[in-house]
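Grab a pencil and have a look at the model below.

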Amino acid sequence: MPEAAAIVVLTDAGLKVAGHIRDCRPGARIHGYAPRVSGPDIAFDDVGAELRRLFAQGTDIVGVCAAGILIRALAPVLADKRGEPAVVAVAEDGSAVVPLLGGHRGANAIARRLGEALGVPAAVTTTGDVRWRVALDDPPAGWVLANPHHCKSFMARLLSGEPCRMEGEAAWLEHSGVEFRSDAALAVRVTDAPDVGDKDTLVYHRRRFALGVGCERGVAESELADLVEGALDGAGLSPRSLAGIFSVDLKMDEPALHALAESLALPARFFDPAMLEAQTPRLANPSETVFREVGCHGVAEAAALAAAGEHGTLRVAKTKSKRATCAIAEARSPVDAARIGRARGMLTVVGLGPGAPAWRTPAADRAIRDAAHLVGYRGYLDQVPAVPGQGRHHHRLGEETERVDRALALAAEGHRVALVCSGDPGVYAMAALVFERLEAAESAHWRRSEIVVVPGVSAMHGAAALAGAPLGHDFCAVSLSDLLTPWPVIEQRLRAAADGDFVVALYNPASNRRRCGLARAMEILAAARPPATPVIVARAVGRDAQAVTITSLRDLDQASVDMMTLLIVGSTETRVTGGHVYTPRGYRVKRGSEAPA
Ligand code: SAH
């Protein structure tokens, strides 16, 4: 899924235009200046900081505001022309659209589309586009320029009137208005072969070759890379002529295959054995052994041919190393790998933190924004802004296994899925259940998805920070919920924590029905600590109803504790100073002997 753009609005008057812009940019979200914009997807208070933050994370920006505001805000952070996102200014009443930065990285295209929607011309100022109707450094989809670093001087010479030769065929250039002459010193070359070009020659490749690979489980990255390099060399093909790497879905989780895709900057896509078996009449090397093992008569050749389409032909028949095979098929025109076969699915288990957006990590925001499907308890999903087109799968609180299974099944279908938890996803939350379900899974499909855990601020860390530094020395966490753990085990751990003089964070301390566990826990801890030991009662941390009370083992009001509460019980060293609780970093005898951190 492409990264969504941010529409930055500074006044209510700009909201109408922002709405039009969002209609043209599926997935875009409206970021509104909090004091002046009502009901944006995301509110912010500092205009410059918000623009710089979006720019730094590579998000395309459409600012519904004066161009000058964008220029002033972003000027200090402009650095690498090639790596930066597109920035477009749109007048508040929609009467002007100006691509400011990244013209050839999408800004011109965005501006043209918005201009059409708003009925105004896009103020495109990049030279090539004005003079020629094409951008030499931004060729159409499926085409790659091999030497973009030569483009600027090349274009300057064309603009000064030099003619140019055409070597090969490129329909998009023939109608561009560029003057072509066969005796010209400048040349545009279209080739499938390795060619780095030079200052007089721009080299373009068409991504019209499909690389099919097969391998044994655990093949070394270098073995596969060497095999593919040899095949490309032997056929005289540039890796830039490849559209993607294709294989059978059994290989979806093969590290060497993904390492190769990453090193060649290509997508990896997969077919099921039935789709590969359908290619058998076209295979140069059908194999009964492969059929018995995989269910199709070939993997590398079949995957390459399936990707190249019905008119595709084998350019390199199956070639082998000890543990891998590869083949290359050729299509007549560029192949769009994103539409062929399916990607390896990805399940990201995301922790939202305790509640406040400011305590949510940028990585968690990104994982949620990039997901095609969100799975989670409604209360958590409601905390994240809606992304148009994103699937949202609510489940009731008790249905954790169903929630995890749903997420795993969606990922196995090739989707990017975010499973949303509160706090940290690995702390009394769903990340562990994901691995448990994977271990027990009968469907091998589930195990082929990529699983990523994105950490979050746990309630314990949020509560500790609000109270001071109670976790400054050894601590532990115990959940008082006996739904999944027998009470005697919980009690044994509490006694061990008391014996060890750990600071103790208590999760799930009490519910309406379950109160006696809390009373017993306090009894156990109070038996080993003085009555004045500090206790932090942190309720609804990071939410509107947040309430943090510092009390003691003697004075704790157990009735005030519910499921939205986290308790931190100090050790014998924990103290209170000026309204803050802290636990010294060492016991007095040791203090001063350890290096600071
Ligand atoms: N993964 C979560 C914990 C989920 S278990 C995390 O890392 O925070 C649920 C328990 O966590 C609740 O019963 C409560 O004890 C605690 N908790 C979760 N969110 C909280 C919040 N915002 N304020 C206080 N306690 C919270």
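This is a predicted model: local features need pLDDT of at least 70, side-chain atom pairs count only at pLDDT 80 or more; totals for chains, interfaces and linings use all residues.

**Exercise 1.** Work out how many disulfides the model has, and what the sulfur of Cys296 tells you.

*Solution.* Start with the cut-off: a pair of cysteine sulfur atoms has to lie within 2.5 Å to count. Next, take Cys296 and look for its closest cysteine sulfur, which belongs to Cys215. That sulfur is 13 Å away, so the two are too far apart for a bond. Go through the model with this rule and you end up with zero disulfides.

**Exercise 2.** Find which backbone atoms sit by an oxygen atom of the ligand, and see how much of the ligand's area the protein buries.

*Solution.* Go residue by residue. At Met563, a backbone N or O atom is 2.6 Å from a ligand oxygen. At Thr565, a polar backbone atom comes in at 2.7 Å from an oxygen of the ligand. For Asp424, the distance from a backbone N or O atom to a ligand oxygen is 2.8 Å. Now the area: on its own the ligand exposes 540 Å², and the protein buries 93% of that.

**Exercise 3.** Describe the ligand's site and the residues around it.

*Solution.* Then count the shell, which has 20 residues, with Val427, Ser458, Ala459, Met563 and Thr565 the closest. Finally, sort that shell by type: 13 nonpolar, five polar and two charged.

How values were computed:
Residues are numbered from 1 along each chain as its sequence is written. Side-chain values use heavy atoms; hydrogens and water are left out. A residue is near a molecule or strand if one of its heavy atoms lies within 4 Å of it. A polar contact is a pair of N or O atoms within 3.5 Å; within protein, one must be able to donate a hydrogen and the other to accept it, and residues adjacent in sequence count only if both atoms are side-chain atoms. Accessible areas come from the Shrake-Rupley method with a 1.4 Å probe; for residues, only the protein chains shown count as cover. Ala, Val, Leu, Ile, Met, Phe, Trp, Tyr, Cys and Pro count as nonpolar, Asp, Glu, Lys and Arg as charged, and the others, Gly among them, as polar.
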